[in-house]
Amino acid sequence: MKDLLHKIENSYKDFSAGQKRIADLFKENQILLAFSSASEIGKKVEVSESTVIRWAQKLGFKGYAEFQHVLQKKLAERRIEQVEDQDTTEYSSQSIVKNLLDADIKSISQLKETLKEEQLLQVVDLIGSAKKIYVTSNFFDFGLAHSFTHWMNRVLDKTELLMQGDMQYYHQLSKLTQDDILIAFAFPRYTKNVMETLQTAKEQGSTVIVITDQVDAPVAPFADELLLVPITTTLSIDSYTAVHALLTSIMRFIYVKEHEKVKQNLARIDAMYERKGIFTRNETTELTDEK
């Protein structure tokens with residue numbers, strides 16, 4: 001760690017004003033730089049993401065990712081040395097997990113403070129009154145779109161996944177009307193594909209609901225309803241914990257508003273599960289049958 005500190009101190013005079021703020025932040029909170037993206041660090045010290053990357057390159061790294069990897073390794077080595085001195089292995093192994101979970105808890109708390117219940121009810125009303133519901137996403141967010149489409153189709157019977165690359169994509173686009181809604185998941189990195197899909201939906205007169213992380217996201221101008229939800233990024237892995245919390249809230253509101261329809265659809269599906277013997281019997285049932 002000392003060699004990295006010396007490198008920063010020796011280069012400090014050559015840094016721009018913004019880069020000096022990054023260096024100052026490094027001296028104050030090395031863990032923050034180790035587990036935050038270049039974009040997040042940029043926002044913290046009010047510089048661009050590219051400024052953070054150039055700062056790392058001035059230190060001799062290929063980019064911020066390489067700098068971060070080295071920093072994480074050095075922090076781990078320092079922690080191991082502390083553990084050996086203090087014999088607190090258990091504490092050390094838990095601390096990083098606690099920090100990661102705290103970041104997820106913080107994102108949910110942020111969602112709780114910013115999400116307006118009136119807007120959520122409006123979104124649920126649009127979903128309930130739509131003739132057809134389509135769901136799309138960036139390919140990075142495909143898992144969110146797929147699971148949400150599956151649940152929506154189970155309970156409301158009128159939802160389709162709309163993704164470029166699917167054979168039916170253009171057929172689905174041609175069927176979009178003003179009576180339909182399109183729900184889009186769009187988190188960094190934003191793709192041209194999802195923006196083209198949203199633009200076509202607007203041209204077809206459909207209502208567009210966008211779920212994203214920033215009010216100035218490139219997909220935001222297409223939205224009739226814009227739902228903002230924070231995501232956290234650590235080690236280049238995005239955490240969608242707050243997004244799942246938002247979707248769970250939407251699903252519960254739909255369950256309440258469309259209760260009879262949802263209840264009937266789920267009962268019909270459960271009857272088919274039972275008929276086909278999809279699920280294994282639990283031990284209690286087996287014991288009862290044997291008696």
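In the predicted model, Asp-125 is partly exposed, with a relative accessible area of 35%. The side chain of Asp-125 meets that of Lys-257 in a salt bridge, with a distance of 3.7 Å from N to O. Distant parts of the chain are linked by this pair, since Lys-257 belongs to helix H12 and Asp-125 to helix H8, 132 residues apart. Lys-257 likewise counts as partly exposed, at 43% relative accessibility. Asp-125 and Lys-257 also take part in a network of salt bridges that includes Glu-258 and Lys-261. In general, side chains of opposite charge can pair when their charged atoms come close.

The search of the whole structure finds 6 salt bridges. Another of these joins Arg-268 and Asp-157, whose closest N and O atoms are 3.4 Å apart. Arg-268 is partly exposed, with a relative accessible area of 44%. A further salt bridge is formed by Asp-224 with Lys-202, where the closest N and O atoms are 2.9 Å apart. Here the linked parts are the loop between S4 and strand S5 (225-228), which holds Asp-224, and helix H11, which holds Lys-202; the two residues are 22 apart. Both partners are partly exposed, Asp-224 with a relative accessible area of 39% and Lys-202 at 33% relative accessibility.

The protein as a whole contains 14 helices and 7 strands. Of its 291 residues, 40% are buried. The accessible surface comes to about 17300 Å², and carbon and sulfur atoms account for 52% of that area. Among contacts between residues at least 6 apart in sequence, 67% join residues at least 24 apart.

The largest nonpolar core has 34 residues, and the members that touch the most others are Ile-127, Ile-183 and Phe-185. Two or more residues are given to this core by each of helix H8 (117-129), strand S1 (133-137), helix H9 (142-156), strand S3 (181-186), strand S4 (207-212) and helix H12 (241-257). The surroundings of Ile-183 illustrate how such elements meet. When residues up to four places away in sequence are not counted, Ile-183 touches Ile-127, Ile-133, Tyr-134, Val-135, Thr-136, Phe-148, Ile-209 and Ile-211.

The C-alpha atoms of Arg-252 and Val-124 are separated by 9.8 Å, although the two residues are 128 residues apart along the chain. Arg-252 is placed in helix H12 and is exposed, with a relative accessible area of 59%.

Helix H5 (residues 49-58) shows how burial can be arranged around a helix. The buried residues of H5 are Thr-51, Val-52, Trp-55 and Ala-56. These residues lie on the same side of H5, because they cover an arc of only 140° around the axis. An α-helix has 3.6 residues a turn, so residues three or four places apart point the same way. Just after H5, Gly-60 takes a positive phi of about 100°.

Several features of the backbone geometry were also identified. Most residues other than glycine have a negative phi, and most peptide bonds are trans. Glu-46, which is not a glycine, has a positive phi of about 65°. Glu-46 is found in the loop between helix H4 (38-45) and H5, and it counts as exposed at 68% relative accessibility. A positive phi also occurs at Asp-157, a residue other than glycine, where the value is near 65°. The loop that holds Asp-157 runs between H9 and strand S2 (159-161). With a relative accessible area of 42%, Asp-157 is partly exposed. Finally, the peptide bond from Pro-188 to Arg-189 is cis, with omega near 5°. Arg-189 is found in the loop between S3 and helix H11 (192-203).

Definitions and conventions:
Residues numbered from 1 in each chain as written. Predicted model: local features only at pLDDT ≥ 70, side-chain atom pairs only at ≥ 80, totals over all residues. Heavy atoms only, no water. Core = buried A, V, L, I, M, F, W, Y, C linked by side-chain atoms within 4.5 Å. Buried < 20%, exposed > 50% of the residue type's maximum accessible area, 1.4 Å probe, protein only. Helix = DSSP H or I, 4+ residues; strand = E, 2+ residues; numbered from the N terminus. Contact = heavy atoms within 4.5 Å. Arc of directions from axis to C-beta. Areas by Shrake-Rupley, 256 points an atom, 1.4 Å probe, with all protein chains shown as cover. Salt bridge = Lys/Arg side-chain N within 4 Å of Asp/Glu carboxyl O.
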